[in-house]
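Here are my notes on the model, point by point. Please read them with the structure open.

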Amino acid sequence: MGSWCEGVQQRVSRTPEVVCISRLDYHNNGDRASAPRNYHSWLQKYPEYDLTQVLPHQVEGKIAIVGGAGLLHPPFKRQLDMIAGEAEQVYLWGVGLNTHDERHDYEPLSWPIVQRSEMFGTRDHIATHHRTWHKDATTIGCPSVCHPFLENPSEPIHDVVAYVHKDYHFPIENGIPAITNSCEIDEALHFIAKGKTVISSSYHGALWASWMGREVIIPNPFSTKFYIGLKDDTVHYGNHTPTQLPNEKGRESYHSLLETHRVWASKIEAQIGGA
């Protein structure tokens, strides 16, 4: 009887293992740049899995840190439901809504992965969208806000550059430097910094450009993330004429979100960092 009680006590008192789950798409640098594990050394001792490939036994009974990127996206629901059902605890870190049409679909906020989360840090600007969010939802920005390049981006050398999502192209005038989001993350950031105005069909391209204080034009916003995941007063939509004027509100948003993100990260580290 004594050994049975001791076994029960050990099972109750054990600390679950931690796993990090992100969208590790090597053809989309924005998804890769959104993984919290990139920026916090205490997370790097834990294994990391791609959301689309993680298996139930890799999550079962563990603490799952899920994020960032637009993971609240219908094609990912099956995997997210699996994680919600198998994990001991779930933490959502810098995730966002992501519906690829003109509807602002808030239905993912009712998904089990959201309702089960111990902490819900979102990249979306929930204060400006009147819906019922998770009771503890906090706008912390995309985890890439912690990328060191953004603290002191290089000076622009072109009036306009184009940063193109590989699947959502748009007409580019002759002579405008252009690159797609299939490049490496550091290459993307250095390229975006070269433009006073950045025309982008990539969510992260628009986000990073605004955080650098660049004027941002989004010619073809194909997802809700361009509206709820960006501050309306830091970007322009459609056929806006470039002015090359500094984006002071975008830079202010960067500094505010960086501080909020660091505080939120410290809270989650204090809660599970010893696991």
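1. Terms and basis. Buried means under 20% relative accessible area, exposed over 50%, and partly exposed in between, using a 1.4 Å probe and protein chains only. This is a predicted model: local features need pLDDT of at least 70, side-chain atom pairs count only at pLDDT 80 or more, and totals for chains, interfaces and linings use all residues. Residues are numbered from 1 along each chain as its sequence is written, and side-chain values use heavy atoms, with hydrogens and water left out.

2. Overall make-up. The chain has nine helices and eleven strands. Both are DSSP runs numbered from the N terminus: helices are H or I with at least four residues, strands are E with at least two. Of the 275 residues, 55% are buried. A contact means heavy atoms within 4.5 Å. Take the contacts between residues at least 6 apart in sequence: 71% of them join residues at least 24 apart.

3. The Y168–F222 pair. Rings of Phe, Tyr and Trp (its six-membered ring) pair if their centres lie within 6.5 Å; planes under 30 degrees apart count as stacked, over 60 as edge-to-face and the rest as tilted. The whole structure holds seven aromatic pairs. One of them joins Y168 and F222, which are stacked at 3.6 Å centre to centre with 5° between the planes. F222 has 11%, so F222 is buried.

4. The Y227–Y237 pair. These rings have their centres 4.9 Å apart and their planes at 25°, so they too are stacked. Y227 belongs to helix α8 and Y237 to strand β11 (residues 236-237), so the pair ties together parts ten residues apart in sequence. Y227 is partly exposed at 29% relative accessibility. Y237 is partly exposed as well, at 27%.

5. An aromatic cluster. Which residues form it? Y168, Y203, F222 and F226 make up one aromatic cluster. Look at them together on screen.

6. Helix α6 against helix α7. Helix α6 (residues 185-193) and helix α7 (residues 203-211) pack at an angle of about 55°, with their axes 10 Å apart. Axes are lines fitted to C-alpha atoms, for helices over the stretch in contact, and angles run from 0 to 180 degrees between N-to-C directions. The two helices are therefore oblique to each other. On this scale, angles under 35 degrees are roughly parallel, over 145 roughly antiparallel, 65 to 115 roughly perpendicular, and the rest oblique. A188, L189 and I192 of α6 meet G205, W208 and A209 of α7. By class, this contact has five nonpolar, one polar and no charged residues. Ala, Val, Leu, Ile, Met, Phe, Trp, Tyr, Cys and Pro count as nonpolar, Asp, Glu, Lys and Arg as charged, and the others, Gly among them, as polar.

7. G68 lies in strand β3 (residues 63-72). The peptide bond from G67 to G68 is cis, with omega near -10°. A69 is also found in strand β3. Its phi is near 75°, a positive value in a residue other than glycine. A69 is buried, at 1% relative accessibility.

8. Another positive phi. Q244 lies in the loop between β11 and α9. Phi of Q244 is near 65°, again positive in a residue other than glycine. At 26% relative accessibility, Q244 is partly exposed.

9. S253 is in helix α9 (residues 248-272). Its relative accessibility is 11%, so S253 counts as buried. Leaving out residues up to four places away in sequence, S253 touches W211 and K231. L109 is in the loop between β4 (89-97) and α5 (112-115). L109 is buried, because its relative accessible area is 5%. L109 and L72 are 37 residues apart in sequence and 8.0 Å apart in space, C-alpha to C-alpha.
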